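Subject: Structure handed over, with notes

Hello,

Please find below the structure that I promised to pass on to you.

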Amino acid sequence: MTFVDEVKNAVTPRAALLVIGVLGLQLLFIASYVGALHKPKPTDVAFGVVAPQQMSQQLVSQLDGLPGGPLDPRMVSSEAEAREQIMNRDIDGALIVSPEGRTDTLLVASGGGTVLSSALERILTQVEAGQQRTVRTVDVAPASPDDFDGLSSFYLVVGWCVGGYLCASILAISAGTKPANRQRALIRTAVMAVYAVAGGIGGAVIIGPILGALPGSVWGLAGLGALVVFSVGMITLALEALTGIVGIGLAVLIIVIAGNPSAGGAFPLPMLPDFWRAIGPALPPGAGTWVARSIAYFRGNAVTGPLLVLSAWAVAGTALTLLLSMRRRGGRDDGSAGTVPPSAGGSTAV
């Protein structure tokens, strides 16, 4: 046998294509993470201004015209309203101008990301110094001292996502990527649901009562975890049913390569480049991270949209998995499609 024949036997054309695909994922991973995270800077951060009427519009215009456009300022009627908007996650910070003294108050919420809070403090300190004024910072939604840089919620969601697509991948690798019939697709869906509940509860207990890294409702986080795991797992099963083993790579592309750097975890969304800021909220890691922080630090506010995003992924994955399992396979639809008789030395797909 020649060397070329040995190469052909060692690396089949299918394997070669898969290796090329893996190389593409590797390069996309580098481009995505470095592109999103190598130069974070605040851009158009939603920011409130509470000031006497005669100077409020001038101050808003001044903040809006800062070099690089770090702030998207808007007038707010009172400090109480500013605090409420921060807790509702409508704005990320606010400046309360004192009408009498020369010391103003900056409201921030480090629970939404300490990096962003620090950036706002730096920007407003410079602005105030130019006006011969000083600023004191008040954190209205402080991150837990055991939640360094507010990253615990992000890592929690990443763990849930990893569990979702790994469970789906194991089901595919162990018993065939494409379910043989609808009943077996339903079984896989049920397995995914049970796994999701266990993963959600386990993650919430670890990060809450055991490690004390996140405050907030343990059961709220557990429910979120179950939804994150199930949505990621089902979209992975659907991609596997549609494209075979390539579906695992597509799930990695969506969740890991596109989803993680755009999730607002390492750096909150206002500090990411426009592309990642745009796609992050529409992907499971971004939606999950937002909800986890809201549960932990913002009284569970502003979670409807992200929960609908996660639900849409779960419904789409489930529907696609079941629909693809109903296709006629091998010209048969009697439930035996996709199986190989034991006498032929094959294994039964599940």
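Let me begin with a question you can check by eye: is Phe-275 buried or exposed? Phe-275 has a relative accessible area of 52%, and because a residue counts as exposed over 50%, Phe-275 is exposed. Please keep in mind throughout that this is a predicted model.

As for the overall picture, the protein has twelve helices and five strands, and its C-alpha atoms fill a box of roughly 90 × 50 × 35 Å along the principal axes. Of its 350 residues, 47% count as buried. If you take the contacts with a separation of 6 or more, 75% of them are accounted for by residues 24 or more positions apart.

Next come the aromatic rings, for which the count comes to three aromatic pairs. One of them joins Phe-29 and Tyr-33, whose rings are stacked, with 4.2 Å from centre to centre and 20° between the planes. Both residues lie in helix 2, which covers residues 13-37, and they are four residues apart, about one turn of the helix. Phe-29 is partly exposed, with a relative accessible area of 35%, and Tyr-33 is also partly exposed, with a relative accessible area of 21%. Another pair brings us back to Phe-275, which forms an edge-to-face pair with Trp-276, at 5.2 Å centre to centre and 85° between the planes. Although Phe-275 is exposed, Trp-276 is buried, with a relative accessible area of 14%.

I then turned to the packing of helices. Two packed helices are described by the angle between their axes and the distance between the axes. Helix 7 (residues 182-210) and helix 12 (residues 304-325) have axes that come within 8 Å and cross at roughly 155°. Because angles over 145 degrees count as roughly antiparallel, helix 7 is roughly antiparallel to helix 12. Their crossing is right-handed, and the residues that meet are Arg-182, Ala-185, Leu-186 and Thr-189 in helix 7 with Thr-318, Thr-321, Leu-322 and Ser-325 in helix 12. Sorted by class, this contact has three nonpolar, four polar and one charged residues.

Helix 8 (residues 218-243) and helix 9 (residues 246-259) pack at an angle of about 140°, with their axes 7 Å apart, and they are therefore oblique to each other. The crossing of helix 8 and helix 9 is right-handed as well. Among the residues that make the contact are Val-232, Leu-239 and Glu-240 of helix 8, together with Val-246, Leu-250 and Ile-254 of helix 9. By class, the contact of helix 8 with helix 9 has eight nonpolar, three polar and one charged residues.

Ala-312 lies in helix 12 and counts as partly exposed, at 45% relative accessibility; its C-alpha atom is separated by 9.9 Å from that of Pro-284, which is 28 residues apart from it along the chain. Gln-85 lies in helix 4 (residues 79-87) and is buried, with a relative accessible area of 17%. Leaving aside neighbours within four places in sequence, Gln-85 is in contact with Val-76, Asp-90 and Ile-91.

Terms used
Residues are numbered from 1 along each chain as its sequence is written. This is a predicted model: local features need pLDDT of at least 70, side-chain atom pairs count only at pLDDT 80 or more; totals for chains, interfaces and linings use all residues. Side-chain values use heavy atoms; hydrogens and water are left out. Axes are lines fitted to C-alpha atoms, for helices over the stretch in contact, and angles run from 0 to 180 degrees between N-to-C directions. Helices (H or I, at least four residues) and strands (E, at least two) are DSSP runs, numbered from the N terminus. Angles under 35 degrees count as roughly parallel, over 145 as roughly antiparallel, 65 to 115 as roughly perpendicular and the rest as oblique. A crossing is left-handed if the near helix is turned anticlockwise from the far one by less than a right angle, and right-handed if clockwise. Contact means heavy atoms within 4.5 Å. Ala, Val, Leu, Ile, Met, Phe, Trp, Tyr, Cys and Pro count as nonpolar, Asp, Glu, Lys and Arg as charged, and the others, Gly among them, as polar. Buried means under 20% relative accessible area, exposed over 50%, partly exposed in between (1.4 Å probe, protein chains only). Rings of Phe, Tyr and Trp (its six-membered ring) pair if their centres lie within 6.5 Å; planes under 30 degrees apart count as stacked, over 60 as edge-to-face and the rest as tilted.
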